[in-house]
Amino acid sequence: MTHKNSLIFRLAVPTILNRLFDYLAPENINLNEIEVGVRVLVPFSNSEKVAVLVEVCSDTDIETAKLKSVIEILDDKPLLSAKDMQLLHWLCHYYHHPIGYVFCNTLPVLLKKGEAASLKQETYYYLTEVGRELDDLTLERAPKQQLFLQRLQQHDEAVNTETLKSWDKSWRASITALLKKQFIASEERDSVSYHPLQSKMETALTLNTQQQQAVNKLTEALGHFKVFLLEGVTGSGKTEVYMQLITKVLEKNQQVMVLLPEITLTPQLESRFRRRFSVPIVISHSKLTDRQRLESWLAMQTGKASILLGTRSALFTPLKNIGLIILDEEHDSSFKQQEGLRFSARDVAVMRAKLWDIPILLGTATPSLESLANVEKKRYHTLHLDKRAGAAKDPKLVLLDIRNKRMQQGLSAALLTQITEVLEKDEQVLIFLNRRGFAPTLICHGCGWVARCQRCDANLVIHQQKRQLRCHHCGDRYQLISHCPACQQNQLSPLGLGTERVEQLLQKTYPKKKVVRLDTETTQKKGQLEEYLAQINRGDADIILGTQMLAKGHHFPNVTLVVLLDIDSGLFSLDFRAPEKLAQLITQVSGRAGRGEKLGKVILQTRQPEHPLLTTLIKQGYKQFAKNALVERKMALLPPYSYQALLRVSAFDEATPQAFFTALKPITEKYNQGSILVLGAIAAPMARREGRYRFQLLFQSEQRMVLQNFLRQLMPELAALKEAAKVRWSLDVDPIDLY
Ligand code: ADP
Ligand code: ZN
Ligand code: ZN
């Protein structure tokens with residue numbers, strides 16, 4: 001029975017059920033005052049939940065007597081605009097993710113918990129006219145007050161108590177005294193509305209022709225949807241282009257969203273931005289506190305801040321007046337979320353730009369094949385920066401053939417000679433090895449036993465310093481053993497190479513030189529990475545050794561030699577994306593060489609010097625590699641020439657997933673008219689992980705719409721299967737790896 005004449009709230013409630021829920025509006029409510037996009041508190045299966053109001057209507061298919069009432073409306077004004085909600089609806093449809101989760105989990109944690117949507121007011125202290133002019137002698141007899149005054153004089157903006165506390169724990173007495181003397185003053189305000197001094201601002205550089213062209217093309221496009229792919233070799237001055245573009249957008253009183261793949265890259269860009277722009281800039285990434293993230297979110301949503309710098313999760317921040325999106329290192333797989341709502345921040349950012357009718361700039365030195373295919377289809381427009389900016393020259397790449405060469409802990413004699421030469425000139429060497437730990441395998445020389453994880457199909461990695469064996473997949477740790485559990489002999493030996501092992505060798509070979517190791521282990525402590533980076537830039541490091549981390553956009557001007565130690569394993573992966581990832585990695589790591597005035601050199605140690613991937617990359621560069629790779633993908637009908645969705649299923653035994661697949665099969669067949677390629681179900685490449693047996697089923701089609709229509713029919717029935725409740729399952733649309 002349909003009931004009329006009562007006000008119904010249609011809500012996105014955070015639950016796995018992929019639909020909206022109807023509730024009765026609170027009594028005595030004025031229809032004109034209600035706007036969608038506010039949060040409400042509702043009763044939901046024995047508890048209370050914060051939900052988002054998506055629709056107000058007067059009809060419902062449910063008997064009103066059965067409907068529950070909304071407890072409370074939490075916001076005066078909508079948190080989400082109509083367009084913000086449109087984007088969330090699109091996400092829900094495209095990724096087939098429950099609508100309540102999409103709406104609620106993309107909110108900052110504190111808002112999800114019902115916290116008020118208002119910026120925190122705090123006391124801020126700043127120098128008065130008198131205080132600014134004060135000389136050192138005036139407070140000679142009050143050294144602590146003098147210290148605070150000096151600190152404030154060095155600071156170009158007001159500070160809150162947290163900052164004062166970080167200068168000196170017992171700050172209160174001195175600050176009170178300074179206030180009394182009227183050397184400083186205070187005000188109550190939020191963290192965003194500040195007025196930095198203009199005097200310290202740095203001016204824009206003079207652009208070269210290509211940079212200028214890029215800025216012009218984008219400036220012309222402001223106010224319209226257009227996707228630009230900025231292909232700029234490493235060090236070509238992409239960031240300068242970003243900054244001059246941002247200036248144009250700020251001149252129009254609009255806001256800019258800048259997305260980076262990795263948290264570790266934000267401080268570097270933040271400080272460059274702060275030197276250039278005198279507008280409020282906010283940061284958003286997962287290492288911030290919930291409060292900080294909420295503050296950034298609100299600052300953008302209310303229009304108080306002008307620039308948002310963040311990682312993929314920042315993408316859902318509502319911007320009051322967005323004018324441009326910039327997404328740097330667009331090829332980076334960190335833009336793909338790998339759990340929950342498995343979205344691609346790049347793809348969603350493009351969709352966002354489309355909905356708001358604004359341009360988006362995707363920057364990289366090594367475009368993803370997806371983006372290149374979009375250029376081919378004329379959906380994206382390319383801009384080029386072919387040369388390094390300033391004085392820096394392109395680095396020289398060479399292959400070092402190590403077949404039949406004597407090796408010392410993975411380093412050939414020829415390589416060590418080259419490293420020594422560079423170190424003698426007091427220049428820096430960067431060594432890349434994408435494996436942390438001491439060695440990836442512990443093997444028995446007597447009987448062939450290998451240390452394996454009990455919960456995963458994986459070898460345990462030796463961590464010598466900690467005297468541990470660790471599984472890099474589930475995190476389990478065991479004591480490092482000296483006797484083989486199978487044959488009891490003490491003939492266990494490490495096999496393969498990890499950063500810890502190379503560090504040891506380098507320390508021993510160059511005892512007078514400073515080696516800095518950068519991997520997730522050495523940079524776990526908060527602030528540690530920043531400290532190492534500062535150390536490197538001060539010149540307090542001679543050899544920089546590290547993993548993946550080094551491939552990202554860091555700028556080390558004094559590095560003249562870059563070494564890639566063990567890339568061969570990447571040449572033989574079964575993943576069809578492995579060559580693309582390897583070529584990007586090699587090019588990106590190489591880009592760390594010779595970014596200053598001195599010429600850079602890159603050495604790749606390999607036993608595959610004739611491998612086409614390597615020879616193409618060395619002789620013709622990434623672009624030619626990408627061209628070839630696209631041809632191969634096209635012939636094999638692989639993405640980006642087809643579209644995939646991966647269904648992952650796991651359980652603590654093998655039979656339950658099998659029962660699930662058996663139940664799913666007739667549904668798949670019912671909706672697949674033959675245009676969907678169904679592969680599997682098969683065991684995942686790592687068949688067991690954290691004790692769970694893992695399987696997958698791949699759907700593929702040459703047309704995105706066909707795949708989407710199929711999933712739209714399939715997913716509700718899949719979710720309703722009773723067998724589905726017994727396994728852990730997830731759907732990954734446009735998966736970037738099959739693990
Ligand atoms: P990318 O982001 O492309 O790797 P960056 O923007 O970091 O490159 O620029 C690399 C270096 O070149 C920086 O030190 C930058 O200040 C300098 N640079 C950029 N553009 C110019 C320019 N037009 N003239 C002189 N130097 C420039
Ligand atoms: Zn043994
Ligand atoms: Zn494990």
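Biologist: P640 is placed in the loop between α18 (612-636) and β29 (643-651). What makes α18 a helix and β29 a strand?

Modeller: α18 covers 612-636 and β29 covers 643-651, with P640 in the loop between them. This is a predicted model: local features need pLDDT of at least 70, side-chain atom pairs count only at pLDDT 80 or more, and totals for chains, interfaces and linings use all residues. Residues are numbered from 1 along each chain as its sequence is written, chains are lettered from A and ligands numbered from 1 in the order in which they are written, and side-chain values use heavy atoms, without hydrogens and water.

Biologist: What is the peptide bond from P639 to P640?

Modeller: Cis, with omega near 5°. Another cis bond joins G680 and A681, where omega is about 5°. A681 lies in strand β30, residues 677-689.

Biologist: What makes N253 worth a note?

Modeller: Its phi is near 60°, a positive value in a residue other than glycine. Most residues other than glycine have a negative phi, and most peptide bonds are trans. N253 sits in the loop between α9 (238-251) and β10 (255-259).

Biologist: How do you know that β19 and β26 pair, and in which sense?

Modeller: Pairing takes at least two DSSP bridges. β19 (428-432) and β26 (543-546) have four bridges, in the parallel sense, so the pair qualifies. V429 stands opposite I543 of β26.

Biologist: Why does the β7-β6-β8 sheet count as open?

Modeller: Its three strands pair antiparallel in that order. β7 (159-160) and β8 (184-189) each have a single partner strand, so one side of each lacks a neighbour in the sheet. Strand β6 (122-127) is joined to β8 by six antiparallel bridges, and Y126 has A185 of β8 as its bridge partner. Helix α5 (143-154) touches β6, β7 and β8, at about 90° to β6. Helix α7 (172-180) lies across β6 and β8, at about 105° to β8.

Biologist: How do you know which residues surround ligand 1?

Modeller: One heavy atom within 4 Å is enough. 17 residues surround ligand 1, with T206, Q211, G235, K238 and T239 the closest.

Biologist: What makes the T206 approach a polar contact?

Modeller: The test is a pair of N or O atoms within 3.5 Å. A backbone N or O atom of T206 lies 2.8 Å from a nitrogen atom of ligand 1, so T206 passes. A polar backbone atom of G235 is 2.9 Å from an oxygen atom of ligand 1. For R272, a polar side-chain atom lies 3.2 Å from a ligand 1 oxygen atom.

Terms used: Helix = DSSP H or I, 4+ residues; strand = E, 2+ residues; numbered from the N terminus. Polar contact = N/O pair within 3.5 Å; in protein donor to acceptor, adjacent residues only side chain to side chain. Contact = heavy atoms within 4.5 Å. Axes fitted to C-alpha atoms, helices over the stretch in contact; angles between N-to-C directions.
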